[in-house]
Amino acid sequence: MRALGYKASFFAGLAGALLALVGCGRESKADQDKAAAARRSVRVAPAARVSLPDVVAVSGTLGAEEQVVLGMKVGGRLSEIHVDLGSRPREGQALARLAPAEFELRVRQAEAALAQARARLGLAPGAGDVVVPEEAAVVRQAQAGLTEARARRDRARALFEEGVLPRADLDTAEASYQSAESQYQTAQEEVLNRQGVLAQRQSELDLARQQLADSVIVAPFDGAVRERHATPGEFVTAGQPVLTLVRIHPLRLRLAVPERSAARVRLGQEVRVHVDGDPRTYTGRVARLSPAIEESNRTLMVEAEVPNRDGALRPGAFAAAEILTSADQPAVLVPSSAIIRFAGIEKVLVVENDKTVEKRVRTGRHLEGRVEIAEGLSAGENVVVEPGNLVGGQEVRVTQ
């Protein structure tokens, strides 16, 4: 009887244990289902490998191709300024002028002096300025006197040799001849002197006319007025600034390329330019390369020429630029919404074994909703799109 009691107790305990195990199993399965339901649903996108143009992203400042401060070459009272800030004169256009009365008087005075010098040489109006000394009136007169004195001397010598003329008369004839010869030489020298005076008067007239021309500022090239320094009625001295003119087509873009990228930059490469507040992309070309690396910041100075025919770009503006160094370069792209930025650090979340894993990355170009991953991620890895407040190590459930 006692043995039967022990067997009954054993089977009763075994049945209880089995029931407990079944209950635990049911509870674990329920917990698992509950945990699975609690996982956050996420969408993922694969990091795609594509071919993109290889560019060097830099920034710089747009500058005028040429800039000149214009002033008068002569002093005087400023009578007119035909342009103002922002005006766009054409090459050769008059920009400002001095009161012309004084300069016109100087021209007339020089013209009168020149006419007087020409008259002294016997030059008719409209004739050239070159005079043969033998054809000048003063030389011809001296030549006639010399010929007459020579003839008297020769007759006196003949009569003296015949013994009919005293020695004193021969000496007088000789002296008259020598005087006539000196007058002839003096007349030739006078003609040369008058020719020098004529050249001087011509130079004075040219100078007076040049001063009259210099009383007007003319645009040396097509450009725009950057600054006006004077006002009409003001007395300006020679060289005093009146206007600042800049050439705005093309513009010169100065770029500092990091040393690690300098070897990829070549003359003639395309440069894409963006400025704040303007959605358009402007295209230029690399025009000049510095022969040396700047030791202070380890950069190479590059200059690009950017067309600006419509004047939309302004000198002095900050510009972001991309130098196209290669037309086909492999790159890894992910959606822009997959990038997490915090305290200057960029990272993405990838899903591995139903859990998120943080990966720190370095981004490159931004291309219409996608971002280039320069470092930290391989093509084909699934990144979480719009991670929100997700962190690494959380269990997630991937949905389509």
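Predicted model: local features only at pLDDT ≥ 70, side-chain atom pairs only at ≥ 80, totals over all residues.
A crossing of two helices is called left-handed if the near helix is turned anticlockwise from the far one by less than a right angle.

The protein chain has five helices and 19 strands. Of its 400 residues, 32% are buried. Counting contacts in the protein chain between residues at least 6 apart in sequence, 74% join residues at least 24 apart.

The helices come first. Two packed helices are described by the angle between their axes and the distance between the axes. Helix H3, residues 137-162, packs against helix H4, residues 167-214, at an angle of about 165°, and their axes are 8 Å apart. Angles over 145 degrees count as roughly antiparallel, and H3 and H4 are therefore roughly antiparallel to each other. Their crossing is left-handed. In the contact of H3 with H4 there are 14 nonpolar, five polar and eight charged residues.

H4 also packs against helix H2, residues 101-120; the axes of H2 and H4 come within 8 Å and cross at roughly 165°. This makes H2 roughly antiparallel to H4. H2 passes H4 in a left-handed crossing. On the H2 side the contact includes Phe-103, Val-107, Ala-110 and Leu-114, and on the H4 side it includes Val-197, Leu-198, Leu-205 and Leu-212. By class, the residues of the contact of H2 with H4 are eleven nonpolar, two polar and ten charged.

In soluble globular proteins, nonpolar side chains tend to be buried together. Here the largest nonpolar core has 25 residues, and Leu-62, Leu-253, Leu-255, Val-271 and Ile-323 have the most contacts inside it. Strands S2 (48-71), S8 (241-258), S9 (270-275), S10 (278-294), S11 (299-306) and S12 (318-335) are the elements that give two or more residues to this core. S8 gives the most, with six residues. A second, separate core of 20 residues includes Leu-123, Tyr-177, Ala-180 and Leu-198.

Beyond its neighbours within four places in sequence, Leu-255 is in contact with residues including Val-58, Val-271, Leu-300, Val-302 and Ile-323. Strand S8 also holds Pro-250, and the peptide bond from His-249 to Pro-250 is cis, with omega near -10°.

A charged residue in strand S2 is Asp-54. Asp-54 is buried, with a relative accessible area of 15%. Leaving aside neighbours within four places in sequence, its contacts include Arg-264, Arg-365, Gln-329 and Ile-323.

Val-216 lies in strand S5, residues 216-218. Not counting residues up to four places away in sequence, Val-216 touches Met-72, Ala-94, Ala-96 and Arg-97. Val-216 and Ile-81 are 135 residues apart in sequence, and 9.7 Å separate them in space, C-alpha to C-alpha.

Two loop residues remain. Asp-354 is in the loop between strand S14 (345-352) and strand S15 (355-360). Its phi is near 65°, a positive value in a residue other than glycine. Asp-354 is partly exposed, with a relative accessible area of 41%. Glu-386, in the loop between strand S18 (382-385) and strand S19 (396-399), has a positive phi of about 55° although it is not a glycine. Glu-386 is exposed, with a relative accessible area of 52%.

Note on methods: Residues numbered from 1 in each chain as written. Heavy atoms only, no water. Core = buried A, V, L, I, M, F, W, Y, C linked by side-chain atoms within 4.5 Å. Buried < 20%, exposed > 50% of the residue type's maximum accessible area, 1.4 Å probe, protein only. Helix = DSSP H or I, 4+ residues; strand = E, 2+ residues; numbered from the N terminus. Contact = heavy atoms within 4.5 Å. Axes fitted to C-alpha atoms, helices over the stretch in contact; angles between N-to-C directions. Parallel < 35°, antiparallel > 145°, perpendicular 65-115°, else oblique.
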